[in-house]
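Hi,

Here is the structure I promised to pass on.

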Amino acid sequence: MKLLALLLVVISSLMASTAKTRTQAVTYEAFNNAIGTGGSTRFEKEIGLTYSLNTLVNASTFIWQTFGQGAGDRKNVQRVRLYIDDTDGVAYASNDDIHVNANYVGNYSGDARREIAGVLYHEATHVWQWNGRGKAPGGLIEGVADFVRLKAGYAPSHWVGPGGGDRWDQGYDVTARFLDFLNGIKAGFVADLNRKMKEGYGDEFFVELLGKSVNELWSEYKAQFGG
């Protein structure tokens, strides 16, 4: 998908590199605050801020499509910032800001560009998804984000296969696979579930949307894949 806006990239000489673009009433900005580290060097060489901004724009469009959202019914987010930091972990999203660990990039043993694209799709989902006003299980929230990553084609090879995991709300790849199964039962299920989570959360949402409890659906899922 082509970037639908002019991309301006400004690189400072000492402290950090930055990039900025605006499309569909959302401004995207990126900052590399880890200049001088090994992870930053690999990031700049193999990924870069221009590619990262393109990915964020494409991810947002894909998320809106996945959730069946137009400009009038998505979250009112006007600015999304990406920071490449010298920190710990992989990445996280907070208050419409996405932070990616440069050290993770530096130490990643595979295709770093593809991996960070998947990470950005996951974290961008956190920017745009509803969370039941804080009442939805954390595993479900993370599962929805990985569901988007899965549907975008960025599932890494180390994820569990269909039927894997111990609980439906275990989160991440486990819950993503389960949601993909449910989305196959009813096309648009994840979009409907996200829409219902705008105002709150209850396990009864699964009954309302699919006619069965989430535990019944999990049992059917495990039985189908021999879990």
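There are eleven salt bridges in the structure, where a salt bridge is a side-chain nitrogen of Lys or Arg within 4 Å of a carboxyl oxygen of Asp or Glu. Before I go through some of them: this is a predicted model, in which local features need pLDDT of at least 70 and side-chain atom pairs count only at pLDDT 80 or more, while totals for chains, interfaces and linings use all residues. Residues are numbered from 1 along each chain as its sequence is written, and side-chain values use heavy atoms, with hydrogens and water left out.

One of the salt bridges joins the side chains of Arg79 and Glu29, at 3.3 Å from N to O. Arg79 sits in strand S4 (residues 79-85) and Glu29 in strand S3 (residues 26-32), so this pair ties together parts that are 50 residues apart in sequence. Strands (E, at least two residues) and helices (H or I, at least four) are DSSP runs, numbered from the N terminus. Glu29 counts as buried, at 11% relative accessibility, whereas Arg79 counts as partly exposed at 33%. For those words, buried is under 20% relative accessible area, exposed is over 50%, and partly exposed is in between (1.4 Å probe, protein chains only). Arg81 belongs here too: Glu29, Arg79 and Arg81 are linked in a network of salt bridges.

What else does Glu29 contact, leaving aside its neighbours within four places in sequence? Contact means heavy atoms within 4.5 Å, and the list for Glu29 is Ala19, Lys20, Leu53, Arg79, Val80, Arg81 and Leu82. For a sense of scale, Glu29 and Gln224 are 44 Å apart in space, C-alpha to C-alpha, and 195 residues apart in sequence.

Two other salt bridges are worth a click. Asp169 and Arg167 meet through their side chains at 3.3 Å, N to O; Asp169 counts as partly exposed at 25% relative accessibility, and Arg167 is partly exposed as well, with a relative accessible area of 45%. The side chains of Asp192 and Lys186 meet at 3.4 Å, N to O, and Lys186 counts as partly exposed at 29% relative accessibility.

The largest one has a volume of about 230 Å³, and 16 residues line it, with Val90, His122, Asp146, Arg149 and Tyr172 the closest to its centre. The search ran on a 1 Å grid over the protein atoms alone: a pocket is an open set of points where a 1.4 Å probe fits, with protein on both sides within 12 Å along at least five of seven lines, and lining residues have an atom within 4 Å of a point. Points are joined across faces, edges and corners, and the volume is the space filled by probe spheres set on them.

Which helices supply at least two residues each to that lining? They are H4 (112-128), H5 (138-151) and H6 (172-185), and H4 gives the most, with five residues. By type, the lining has seven nonpolar, three polar and six charged residues. Here Ala, Val, Leu, Ile, Met, Phe, Trp, Tyr, Cys and Pro count as nonpolar, Asp, Glu, Lys and Arg as charged, and the others, Gly among them, as polar.

Twelve of its 14 residues are buried, so H5 is largely enclosed by the rest of the structure. Its buried residues, which include Asp146 and Arg149, pack against H2 (48-66), H4, H6 and H7 (189-196). H5 reaches 20 Å from its first C-alpha to its last, close to the 20 Å expected at 1.5 Å a residue (the expected span is 1.5 Å times one less than the number of residues). Just after H5, Gly153 takes a positive phi of about 90°.

H6 is mostly covered too, with ten of its 14 residues buried, among them Asp173, Arg177 and Asn183. The cover includes H5, H7, H8 (204-210) and H9 (214-224).

Most residues other than glycine have a negative phi. Asn95, in the loop between S5 (91-94) and S6 (97-101), has a positive phi of about 50° and counts as exposed at 70% relative accessibility. Arg133, in the loop between H4 and H5, has a positive phi of about 55° and is exposed, with a relative accessible area of 58%.

Cheers
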